[in-house]
Amino acid sequence: MEILVSLLCVLLIVYIVYIQMQFRNINRQLTKRLNEKTRQPLSLELINPELNTLAANINKCLVVEEKLRIDSIRREKQFKELIANISHDLRTPLTAIKGYQQLMGNGVLSDDQQEKLRIAQKHTVELGQLIKHFFEYSYLINAEPELNIERINLTNLVTECLAASVPILEENNLAVHLEETPPIFLISDKEMVMRIIQNLISNCIQHSNGNIEVRLFASEDVVISFKNPVTSNSEIDVKQLFNRFYTGDKARSNTTGLGLSIVRLLAQQMGGSADVELQDGLLDIQVRLPLSNNTSENLG
């Protein structure tokens, strides 16, 4: 009897060890799927029918997950195509309007007609900006971010963007003071960082009531600060400033308010944030970005 019990114990131990080996095999295959992004189903050799059923259900879940992933990619592609088509449909008549306005400007017009044409051209430019921001924002909130990570000299990038904006800044009687700092570098997506800077500049051009102060500094994160005065009668709710379509400031009534929403969205996609302070009539928008960006790894 003792021999039989001992034999059963040995067999039970062998069975438990075998089951543990199969569990380790399951974990190894799942880890491989995650790390190497393979689509290979689980391959098991189990005696226990319940564990065989578990393995089969895991494979069914993986198949469903893969189908959902493919459907999501297909929907995203269709959405991008839709955005591109609508954008083209809107920009085509807008281009025609600009062309006719240019032809009218080349003709002989009275002073009153010239003024009306100037107003029409101004609103046409604003409409073009609204269309651009709307479709950029729509694309960003629906597309999975794919970061192109590289080492960026942020100081040079900000300087270049400001230099490119000098004509329109002068046209709006705005001057920019960039505080001198040692070169600041970060590892991130250069195009996305550039779009943030350009949108911050555009926001200042549209809403600043005086000269603009730009600061860059780095501690745990890199901070891009754009500070500008606002009119005394501006009623700005800083808690809503980054919300899409916010138009609390009367000076923003001719825009969708999407420029700063895009700034915050881009910063978040790179693992950063955007904040704002309003004190003594000075609006300070600060964008924080991590010095070293591993967001792409986390997204994978």
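Modeller: In this predicted model, helices α6 (residues 190-207) and α7 (residues 258-269) are roughly antiparallel to each other, because their axes cross at roughly 155°; angles over 145 degrees count in this way, under 35 as roughly parallel, 65 to 115 as roughly perpendicular and the rest as oblique. The two axes come within 9 Å, each axis being a line fitted to C-alpha atoms, for helices over the stretch in contact, with angles from 0 to 180 degrees between N-to-C directions. On the α6 side, the contact (heavy atoms within 4.5 Å) is made by Met-192, Arg-195, Ile-196, Asn-199, Leu-200 and Asn-203, and these meet Gly-259, Leu-260, Ile-262, Val-263, Leu-266, Ala-267 and Gln-269 of α7.

Residues are numbered from 1 along each chain as its sequence is written. Local features need pLDDT of at least 70 and side-chain atom pairs 80 or more, totals for chains, interfaces and linings use all residues, and side-chain values use heavy atoms, without hydrogens or water.

Helix α6 also has α4 (residues 154-164) as a partner, with axes that come within 10 Å and cross at roughly 45°. That angle makes α4 oblique to α6. From α4, the residues Leu-154, Leu-157, Val-158, Cys-161 and Leu-162 take part, and in α6 they meet Lys-190, Val-193, Met-194, Ile-197, Gln-198 and Ile-201. Helices (H or I, at least four residues) and strands (E, at least two) are DSSP runs, numbered from the N terminus.

On one side, β7 pairs with β5 (residues 221-229) in the antiparallel sense over nine bridges. In this pairing Asp-221 stands opposite Pro-290, and Lys-227 stands opposite Asp-284. Strand β7 also pairs with β6 (residues 273-279), again in the antiparallel sense, over seven bridges, and here Arg-288 is the bridge partner of Ser-273.

Strands β6 and β7 form a hairpin with two residues between them. Asp-280, found in the loop between these strands, has a positive phi of about 55° although it is not a glycine. Most residues other than glycine have a negative phi. With a relative accessibility of 75%, Asp-280 counts as exposed. Asn-173 likewise has a positive phi of about 55° without being a glycine; Asn-173 lies in the loop between α5 (166-171) and β2, and counts as exposed at 69% relative accessibility.

To set this part in the whole, the protein chain has eight helices and seven strands, and 34% of its 300 residues are buried. Among contacts between residues at least 6 apart in sequence, 68% join residues at least 24 apart. Another helix of the chain is α2 (residues 49-106), in which Met-104 lies. Met-104 is partly exposed, with a relative accessible area of 46%. Leaving aside neighbours within four places in sequence, Met-104 is in contact with Leu-109 and Leu-117, and the C-alpha atoms of Met-104 and Gln-114, ten residues apart along the chain, are separated by 9.0 Å.

Technical notes
Two strands pair if DSSP finds at least two bridges between them. Buried means under 20% relative accessible area, exposed over 50%, partly exposed in between (1.4 Å probe, protein chains only).
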